[in-house]
Structure formats: C-alpha cells, structure tokens
Amino acid sequence: QVQLVESGGGLVQAGGSLRLSCAASGRTFSSYAMGWFRQAPEKEREFVAAVRRSGANTFNADSADSVKGRFTISMDGTKNTVYLQMNSLQPEDTAVYYCAARGAGPTAFSVRSAAAYDYWGQGTQVTVSS
C-alpha cells in the first residue's frame, strides 16, 4: 500500500516562505510523477506544480502560471520525496495543499490533471496572512 506523508504547512505572513515535503512509501514504489494541488474554500482543486520522470535519474518540472516564478518543485527520486518551495506567498495562496503521486508508467492524462494520479496525501493547510 502506498502512503503519502506531507509536512511543512503552517501560517506565514504575506511575502514569507514555506517549504512543503511529501514522502511516498510503499512496496516497490517508484514514482513516474509527483505533484501538488491545492484547494481553497468553495473552490475546486487546482494544479500547482509537478515533476515527472524523464529518465532513470532525471525529472521534468511543470508549474501553474499562478505560481510560476514564486514556487519551485523538486524531487528526490531515491527518497521518493517531492518538495514545494513557496516564496513570496500571498493571501490568495491560502489553501489546503495536497500531495499526489503516480506510481506507474506514463499516463494518458497530463500531470496537470488530478486524474493522472493514483495516490493522494491527507492535505496540509497553508495560511498566508495579509
């Protein structure tokens, strides 16, 4: 059974930074892609950023326009851990952030789509005060 364990959420002032971590564990788990989505109250879950495997030890990163230049995603393939470095946080970034993982090979769905992922974390709250 694959489990995703998230950490790093919290309360921060506008302009501040947070670093989210998500570790995947499970039998013979090797991710094709890991990513982050977020969901604010009364809003749909939206794509934030993702990394996908392009080789044995190489990864391709992608991010939403709303966070490009502020958020950086990275992945440690050996540890099956994905990170989200969030800088210049703004109140509109306030949401529950969910880690997701695709545990097999390439999918027909884009990594920007929640449908591409097999596993999800419990979510971690990020609150940015103005």
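Ser88 counts as partly exposed because its relative accessibility is 36%; buried means under 20% relative accessible area, exposed over 50%, and partly exposed in between (1.4 Å probe, protein chains only). This residue is found in the loop between β8 and β9, where strands (E, at least two residues) are DSSP runs numbered from the N terminus. Although Ser88 is not a glycine, its phi is positive, at about 50°.

A word on the model: it is predicted, so local features need pLDDT of at least 70 and side-chain atom pairs count only at pLDDT 80 or more, while totals for chains, interfaces and linings use all residues. Residues are numbered from 1 along each chain as its sequence is written, and side-chain values use heavy atoms, with hydrogens and water left out.

Asn80 also has a positive phi of about 50° without being a glycine. Its place is in the loop between β7 and β8, and Asn80 counts as buried because its relative accessibility is 11%. Here are some residues with their accessibility values.

| Residue | Relative accessibility | Class |
|---|---|---|
| Asn80 | 11% | buried |
| Ser88 | 36% | partly exposed |
| Cys22 | 0% | buried |
| Cys99 | 0% | buried |
| Ser63 | 12% | buried |

Next comes the sheet. In what order do the four strands of the open sheet stand? The order is β1-β3-β8-β7, with antiparallel pairing; two strands pair if DSSP finds at least two bridges between them. β1 (3-7) and β7 stand at the edges with a single partner strand each, so one side of each has no neighbour in the sheet. On average, neighbouring strands here are turned by 15° against each other, direction ignored; the axes are lines fitted to C-alpha atoms, and angles run from 0 to 180 degrees between N-to-C directions. Within this sheet, β3 and β8 run antiparallel and are joined by six bridges. Ser21 stands opposite Tyr83 in β8.

The structure holds one disulfide, meaning a pair of cysteine sulfur atoms within 2.5 Å. Cys22 is joined to Cys99, with 1.9 Å from S to S, and the link is left-handed, at -85° about the S-S bond. Because Cys22 lies in strand β3 and Cys99 in strand β9, the pair ties together parts that are 77 residues apart in sequence.

Which residues touch the most other members of the largest nonpolar core? Met34, Trp36, Leu84, Met86 and Tyr97 do, in a core of 37 residues. Such a core is a set of buried Ala, Val, Leu, Ile, Met, Phe, Trp, Tyr and Cys residues joined through side-chain atoms within 4.5 Å. Strands that each supply at least two residues of this core include β3 (18-25), β4 (33-39), β5 (46-53) and β9 (95-102).

A search of the whole structure finds four aromatic pairs; rings of Phe, Tyr and Trp (its six-membered ring) pair if their centres lie within 6.5 Å, and planes under 30 degrees apart count as stacked, over 60 as edge-to-face and the rest as tilted. Phe37 and Tyr117 form an edge-to-face pair, at 5.5 Å centre to centre and 80° between the planes. Phe37 lies in strand β4 and Tyr117 in the loop between β9 and β10 (119-120), so this pair ties together parts 80 residues apart in sequence. Both Phe37 and Tyr117 are buried. Ring pairs link Phe37, Phe47, Tyr117 and Trp120 into a cluster.
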